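This briefing is meant for someone meeting the structure for the first time. Please look over the sequence and the model before reading on.

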Amino acid sequence: MDKAYLLNNEQMATFVARGFLRFDELVPDDINQAVMAEIDAGSIQGAPAGTPLSQCYQDSSIRKLLDMPEIQGIIHSLVGADPLFDHDAVHVREPNQGSAQGMHADSIIDTRLDFDIQLMYFPHHIPLEMGGTLLLPGSHYRRVNEMDIARYQNMLGQVSMVCKAGTILVLHHGIWHCGRQNKTNQKRYMFKVRLNPQEPQVKLWNTDGLEDAGGSRELYAGHKDEHDVQYILSKFEPWFENASGRLEIVNRTKQWRFLTGDDNFDVHYWLSRLENKPSEGRPSA
Amino acid sequence: MTTKQRQQVLVLYLATSALDSGVKGWSMYDGTGKDTFTTGDAVSDDAGGVSAAPYSTGLDALRDGWRVIQFPQLTPPYPGEEYSTSFMKNEFIFERLEVV
């Protein structure tokens, strides 16, 4: 894998903090058109759950999409070189809908630090009135079970996928999202595929400059550089409550430790303080 | 002649357990049938951004005539789950009765 296509430290930290990455107009139009034709024909065929992704979608436009070096780099960085196919779906939002889908997290409650990704692909232009997938940045560590959160209609900082054709959205498995109401006269399509890692998700991305990017232990994340890992991991989402929002920073810290293998990494010294237990023989930092 | 009234419900998710803290999220249900609300209906610009919340704080809703009918209970964390996050904790429910 050419490093140039792997995610960098800033992108990985953003994924850890916000639970998604967005790549606008990444897929060329010839693939967009070909996938739309396959959607119309109903010819997109997945595979049994647990099949290596490299063995899926042979001779199809989805294969061409997945073989794009940019897509390979995203997948490799997050879930490894050849993750397992979990399931796929063509999500269709019918025209002139009376309401949106309820807010939810996919599948069932899932508390792992090992994470799956969902690759969402928008093969056609989605204007505001068509809705777009709605997601809530930073919601992926909240322990909820599927539609239990359906009463949440609007949250500060929510993001709607109003986008051009060929846009890719990569989601952590726990992110809160829903299909927004489609008020147009046309159907809205979105293809998604869920992928499971089959190797430890440790430093799979381009880690060049990780120490310089703030990856080492800091006792206080007073960084002002918005590209700095600790700055990214310490930034509150607009919808975070004062108290629970602090716990989200700890959740991110635990995830970053998991991904880097660095058990000393911290943000704001919040975990290190709790881990200082001289009575148990562990020296303070 | 009997006046018919229907309930409108406003749910505000606040920054803290204080009613006068800032609004982080909201939901509305209208029993009069005049309005309908749904997930993400406040998204209002092409960048996918969100329009302003209906009120800045819970107290602002009171001042506008909404009656608070439920405060969130303050419950200690379940042992072993002190650091986990889940639902929005500061959910305040309001009602307003409208003549139909």
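This is a predicted model: local features need pLDDT of at least 70, side-chain atom pairs count only at pLDDT 80 or more; totals for chains, interfaces and linings use all residues.

In the contact, chain A takes part with 35 residues and chain B with 27 residues.

**Where the two chains meet**

- On the side of chain B that touches chain A, the largest share is supplied by strand β2 (residues 23-30) of chain B, which gives 4 residues.
- Sorted by class, this side of chain B holds 12 nonpolar residues and 11 polar ones, together with 4 charged residues.
- Strand pairing also links the chains, for strand β6 (residues 154-155) of chain A runs antiparallel to β2(B), and the two are joined over 2 bridges.
- Within this pairing, the residue of β2(B) that stands opposite A:N154 is B:W26.

**Chain B as a whole**

- Chain B contains 1 helix and 4 strands, and along the sequence these elements follow the pattern β-β-α-β-β.
- Chain B is more spread out than a compact globule, because its radius of gyration of 16 Å is well over the 13 Å that the globule rule gives for 100 residues.
- Taken along the principal axes, the box filled by the C-alpha atoms of chain B comes to roughly 60 × 40 × 20 Å.
- Of the 100 residues in chain B, 25% count as buried.
- Among the contacts in chain B with a separation of 6 or more, 64% are between residues 24 or more positions apart.

**The sheet of chain A**

- In chain A, 6 strands make up an open sheet with antiparallel pairing, and their order is β1-β8-β4-β10-β3-β2.
- The edges of this sheet are formed by β1 (20-23) and β2 (51-52) of chain A, each of which pairs on one side only.
- Inside the order, β4(A) and β8(A) run antiparallel and are joined by 6 bridges, and one of the residue pairs involved sets A:Q118 against its bridge partner A:L171 in β8(A).

**Helix α2 of chain A**

- Helix α2 (residues 29-41) of chain A has 13 residues, which at 1.5 Å a residue should span 18 Å, and this agrees with the 18 Å that separates its end C-alpha atoms.
- The residues A:I31, A:N32, A:V35 and A:I39 of α2(A) are buried, and because the buried residues fall within an arc of 100° when seen down the helix axis, they line one face of α2(A).
- In general, an α-helix has 3.6 residues a turn, so residues three or four places apart point the same way.
- On the face of α2(A) turned away from the buried side lie the exposed residues A:D29, A:D30, A:A37, A:D40 and A:A41.
- The buried residues of α2(A) are covered by elements of chain A that include α3 (61-67), β3 (84-93) and β10 (188-196).
- Directly after α2(A) comes A:G42, which takes a positive phi of about 65°.

**Helix α4 of chain A**

- In helix α4 (residues 69-79) of chain A, the buried residues are A:I71, A:I74, A:I75, A:H76, A:S77, A:L78 and A:V79.
- These buried residues of α4(A) pack against α1 (9-18), α3, β4 (117-122), β8 (167-172) and β10 of chain A.
- Just after α4(A), A:G80 has a positive phi of about 95°.

Note on methods:
Residues are numbered from 1 along each chain as its sequence is written. Chains are lettered from A and ligands numbered from 1 in the order in which they are written. Two residues are in contact if their C-beta atoms, placed from the backbone, lie within 7 Å. Ala, Val, Leu, Ile, Met, Phe, Trp, Tyr, Cys and Pro count as nonpolar, Asp, Glu, Lys and Arg as charged, and the others, Gly among them, as polar. Two strands pair if DSSP finds at least two bridges between them. The expected span of a helix is 1.5 Å times one less than its number of residues. A residue is buried if 20 or more other C-beta atoms lie within 10 Å of its own, exposed if 12 or fewer, and partly exposed in between; C-beta atoms are placed from the backbone. The arc is that of the directions from the helix axis to the C-beta atoms. The radius of gyration is taken over C-alpha atoms; the globule rule is 2.2 Å times the number of residues to the power 0.38.
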